[in-house]
Amino acid sequence: AKSQAPGRSQIVAQIAGRMLVVSLISTAYNVGAGLRAAPHASSSRAASTAVSMGMDISELIDDAKKSRLEHLEAQAIQSLKVAVDQFEKPVFPNAMIVGDCVITHLLHKIDALKTGKVKIMVVDTFHLLDDTMPFLGKVEDKYGFEAEVFGPAGLESKRNLSPENFAEYDKKYGANLWKEDIEQYDKVCKVEPFQRGLKTLGADIMINGRRRDHGAERAYIDIAETVPVNGGLAKLNPLAYWTLEDCFDYAAANGVPLHPSVERGYPSQGDAKDTVPVPDPDGLSGVQGKAGSVKWVDGVWTGDKAIWLDYGCERRGRFVNLLNKDGSKKTECGIHVAGAEKTFDRDLWDTSKAVQTLAAPSDVESLTASGKEAVVVVYAPWCQFCQAMEEEYDKLADASGLPVYKFRGDEEREFVKANLNTQSFPTINYIDASGKAIKYESEDRSVGAMAEFAKSGGKVAA
């Protein structure tokens, strides 16, 4: 009997295992103590070693670096060929950071871009650095592809390239959403477009530029990850064992175009609102100094490059002044956390018999003018807190004895702000007989707590 061919997850796992052994041998000194070594001692140490060895040590160093980059390139290309050859619809979400620029070049080398075998996906948050989307256009022209761009849901503009696009975003989501609720902002501008993009493109494997030397949640990632449960995807991290210095060295050696901001002192590129150069004048990155005093221009470093290249330092200029709800410093936007590739693509209470729909502002006005008591939740289907309360709110009509309604607020922000006490989602209101909307102020969204509020006429201090 013929043996059964291995599945794609087995192939990825086998190749990842072989690559890991080779990679750990060749890169351990970089991922470990080498990255933490004092960078300033290297030149004097090399000079003294050269004297004692009676030779020009720089030639040995240059040869070692060249060999290392050749090995890393071959390793990355081998893993990318797995995505191309063993999967039907590989997708590369490209944020145009240094590592992503390297991956784009590698995909071009294996002819995966012009052929359309690998789709490039870009999430435009409508808050990116001003030159990010124009830079994307230049990269598309160089490598002969057109990226699929996904932004916040419901906006007609696919690429934010003008002030009119900002106005469109502000009207729908609010200019200060990121200040009022950073988790909601991440959901609207990053996670949901990311999820929608993967689903729209039918991705069965996701290529990304995460590396171990990013540190934090990424410190122990491998070159391949298979996560087939709970809607997960196979994930490929072709640069997992590279360092940031490797990426810059490779870009310099191979003419890889990098984001223009590296010439202004930005080691990593994110949203303009919370990304700063490193160093920065106010020390928001953790390193105080003149902006642009460390930079990379046409393959040449200015300033102390160790500030960028030390372990875990590439993203030190990202997420400045942003905190998670538990008070910890924000290090991830939610895209690369467990389960982020799952797509939430339906309305809430879409099959409920208890929760009635108010489809338009006129329906809300008719309800408040009816003289009847009711409960109305203002929600957004993409909101994780709205999703979390779906089951409990569905029970509220029976528990309270009142009619229960839903009104989608993210598409009528000015109206719900003026008429339904809404600054964020979800917002629950008791509507009294006079038509007045009384806001439920508690974070306790259990059916018991909400029913007590409704039955008391909105008088319970929750």
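A residue is called buried here when its relative accessible area is under 20%, exposed when that area is over 50%, and partly exposed in between, with a 1.4 Å probe and protein chains only. Helices (H or I, at least four residues) and strands (E, at least two) are DSSP runs, numbered from the N terminus.

This is a predicted model, in which local features need pLDDT of at least 70 and side-chain atom pairs count only at pLDDT 80 or more, while totals for chains, interfaces and linings use all residues. Residues are numbered from 1 along each chain as its sequence is written, and side-chain values use heavy atoms, with hydrogens and water left out.

**The chain as a whole**

The protein chain holds 16 helices and 13 strands, and of its 462 residues 51% count as buried. A contact means heavy atoms within 4.5 Å; among the contacts in the protein chain between residues at least 6 apart in sequence, 71% join residues at least 24 apart. The protein chain exposes about 21,400 Å², of which carbon and sulfur atoms supply 51%, the accessible areas coming from the Shrake-Rupley method with a 1.4 Å probe, where for residues only the protein chains shown count as cover.

**A mixed sheet around strand S10**

Strands of a sheet pair through backbone hydrogen bonds, either parallel or antiparallel. Two strands are said to pair if DSSP finds at least two bridges between them. In this model five strands form an open sheet in the order S9-S11-S10-S12-S13, with mixed pairing. Its edge strands are S9 (355-357) and S13 (437-439), each of which pairs on one side only. Neighbouring strands of this sheet are turned by 35° against each other on average, direction ignored, where axes are lines fitted to C-alpha atoms, for helices over the stretch in contact, and angles run from 0 to 180 degrees between N-to-C directions.

| Strand pair | Sense | Bridges |
|---|---|---|
| S10 and S12 | antiparallel | five bridges |
| S10 and S11 | parallel | five bridges |
| S9 and S11 | parallel | three bridges |

Individual residues show how these pairings work out: Val 378 stands opposite Thr 427 in S12 and also opposite Phe 407 in S11, while Val 355 has Val 404 as its bridge partner in S11. Helix H11 (residues 361-368) packs on the sheet, where it touches S10, S11 and S12, and its direction makes about 150° with that of S11. Helix H16 (residues 447-455) also packs on the sheet, touching S10, S12 and S13, with a direction at about 30° to that of S12.

Why is strand S10 largely enclosed by the rest of the structure? Six of the six residues of S10 (residues 374-379) are buried, so the strand is largely enclosed. Both of its faces are covered, with Ala 374, Val 376 and Val 378 buried on one side and Val 375, Val 377 and Tyr 379 buried on the other.

**A buried proline in a loop**

Pro 279 lies in the loop between helix H9 (244-254) and strand S7 (295-297), and this proline is buried, with a relative accessible area of 4%. Leaving aside neighbours within four places in sequence, Pro 279 is in contact with several residues, including Ser 285, Val 287, Lys 290 and Ile 307. The C-alpha atoms of Pro 279 and Lys 290, eleven residues apart along the chain, are separated by 6.3 Å.

**Cysteines**

With a disulfide taken as a pair of cysteine sulfur atoms within 2.5 Å, the count comes to zero disulfides. Cys 247 is in no disulfide, the nearest cysteine sulfur being that of Cys 101, 9.7 Å away. Cys 247 is buried at 0% relative accessibility, and Cys 313 is buried with a relative accessible area of 12%.
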